[in-house]
Amino acid sequence: MQRLSGLDASFLYLETPSQVMNVAAIVEVDPSTIPGGYTFNSLRLEMERRVRGLPMLRRRLADSLTNVDHPVWVEDEDFDIERHVHRIAVPAPGGIEEMAALCGHLVAQVMDRKKPLWDLWVLEGLSEGAIALVLRMHHACVDGATVAEILGELATSTPEPPALDAARVKESAGGASRPGMAFGGAVNFFVQRPIAAMKLIPKTLPVPFEWFKRVRSGDGMPAPFLAPRTRFNGPLTPRRNLAFAQLPLGDVKRVKDHFGVKVNDVVLAMAGGALREYLQARGELPEEPLVGLVPVSVRGVTEDDLIETGTNKVTGMFTRLPTSVADPVERIRLAGKYARQAKGHHQGIDANLLRAYAEFAPGNTLGALMRLYSDRRLSGLHPPIFNAVISNVAGPDYPMYLLGARVKAVYPMGPIFHGLGLNITVMSVDGELNVGLLSCPDLSPDLWDLVRGFGTQLEELVAAVEADANGDSSDDGPSDTGRQSE
């Protein structure tokens with residue numbers, strides 16, 4: 001038995017039919033490299049073999065009315081691969097937009113909590129003989145880094161199937177009795193939680209005062225609920241839409257090196273420029289900068305002894321986006337400045353503070369409040385917390401084979417929330433930067449216009465680099481942001 005951390009469990013409590021807490025990775029592959037050729041049955045059998053060495057994919061939720069704490073993970077003794085691996089045909093002509101429309105339907109579906117919270121959909125019928133693998137997992141059991149790790153274990157550097165790790169095969173989440181679940185939950189709730197609260201209060205008291213001080217000085221993260229309202233900051237419906245783009249990573253790094261910033265700063269600059277063009281074309285561009293939430297991994301940070309270990313080891317950093325600046329060169333410099341301010345402020349806050357407070361998440365109460373918030377469409381009645389989630393995941397810089405098929409593109413997807421209806425996730429793999437956007441079509445029916453803006457922004461930045469190299473600009477060196485490592 002493995003009890004969920006408060007942050008892990010919060011994604012269960014926050015889920016409603018219109019706010020589905022799924023994380024997905026959409027992997028476009030070439031099946032011609034699979035040893036022995038591709039058939040759906042052989043691919044499902046190989047996935048069944050691999051799952052034996054991935055204990056995370058064999059566990060399911062368990063809970064009871066007598067458990068006052070968060071649910072637990074237990075081994076699924078009735079695991080059946082046919083309940084998890086499915087196939088479906090992409091409508092003709094099988095292009096990327098048809099694939100995205102089908103994936104939008106899949107990621108919008110609530111998962112069955114009676115079985116392990118993942119499934120794999122094989123999308124057939126894509127153009128040029130390709131197929132796509134859509135791995136869906138609930139956010140309660142993975143964060144962005146965990147998805148990358150699972151893909152890393154399923155993927156190999158050669159098409160040949162790898163041997164399984166005997167120790168991982170034997171690993172098990174175990175079982176859980178109702179009395180044991182109830183007793184452990186009562187100890188956590190009535191003994192450990194009050195102790196944790198007493199420890200958290202002195203850590204928390206200085207945070208709002210320091211935040212207010214930094215906001216007043218303009219040197220720090222923007223405060224929540226101060227973001228300008230955009231079309232993405234409205235109530236969600238159960239529908240989802242996706243849009244993808246693939247950009248040369250070499251061009252991104254060339255821009256990064258020239259302007260002395262990080263890859264993540266280039267991503268933020270492209271996002272800011274694409275959002276600016278998208279909203280401006282619709283007469284909806286706010287005067288003040290938009291605000292992005294950048295997920296930050298806290299792996300490697302010393303654990304608080306009163307926090308359940310859990311899977312989601314992440315916190316969030318607020319940063320302004322350079323949407324108020326027209327010049328692409330000034331945007332990338334401003335993106336680097338905003339990011340440095342946000343990082344400096346964020347590093348001064350206990351990295352485990354969010355996870356520590358999540359331990360107090362009241363399951364049934366939080367779930368009821370979330371349903372009320374959703375049904376009454378209350379997200380439109382208060383200022384937006386922020387405007388978009390922007391996540392950058394670093395993948396391997398070499399060819400990968402997923403279940404024997406050569407990987408052509410990987411588009412990771414995170415969830416969206418009421419009032420926060422845009423998720424931008426990029427992942428670098430094998431020399432390409434894959435951009436994935438997730439939204440709600442009732443907020444943004446033309447999401448492809450926004451994702452195409454990322455390519456336009458990169459082209460403008462590369463043109464600026466070439467102009468500098470040819471002596472067509474007065475800027476004869478790196479910007480005042482200073483050179484930083486990637």
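How far is the sulfur of C440 from the closest cysteine sulfur, and which residue holds that sulfur?

Modeller: This is a predicted model, in which local features need pLDDT of at least 70 and side-chain atom pairs count only at pLDDT 80 or more, while totals for chains, interfaces and linings use all residues. Residues are numbered from 1 along each chain as its sequence is written, and side-chain values use heavy atoms, with hydrogens and water left out.

The sulfur of C440 lies 17 Å from the closest cysteine sulfur, which belongs to C103, and this is too far for a bond. A disulfide here is a pair of cysteine sulfur atoms within 2.5 Å. C440 is buried, at 0% relative accessible area; buried means under 20%, exposed over 50%, and partly exposed in between, with a 1.4 Å probe and protein chains only. For C141, the closest cysteine sulfur is again in C103, at 19 Å, also too far for a bond. C141 is buried too, at 4%. Across the whole structure, the search finds zero disulfides.

Now the sheet. Strands are DSSP runs of E, at least two residues, numbered from the N terminus, and two strands pair if DSSP finds at least two bridges between them. Six strands make an open sheet with mixed pairing, in the order β9-β16-β15-β12-β10-β11. Its edges are β9 (241–248) and β11 (314–320), each pairing on one side only. From one strand to the next, the twist averages 25°, with axes fitted to C-alpha atoms and angles from 0 to 180 degrees between N-to-C directions. Strands β15 (residues 422–429) and β16 (residues 432–439) run antiparallel and are joined by eight bridges. The bridge partner of N423 in β16 is L438.

Methods
Helices (H or I, at least four residues) and strands (E, at least two) are DSSP runs, numbered from the N terminus.
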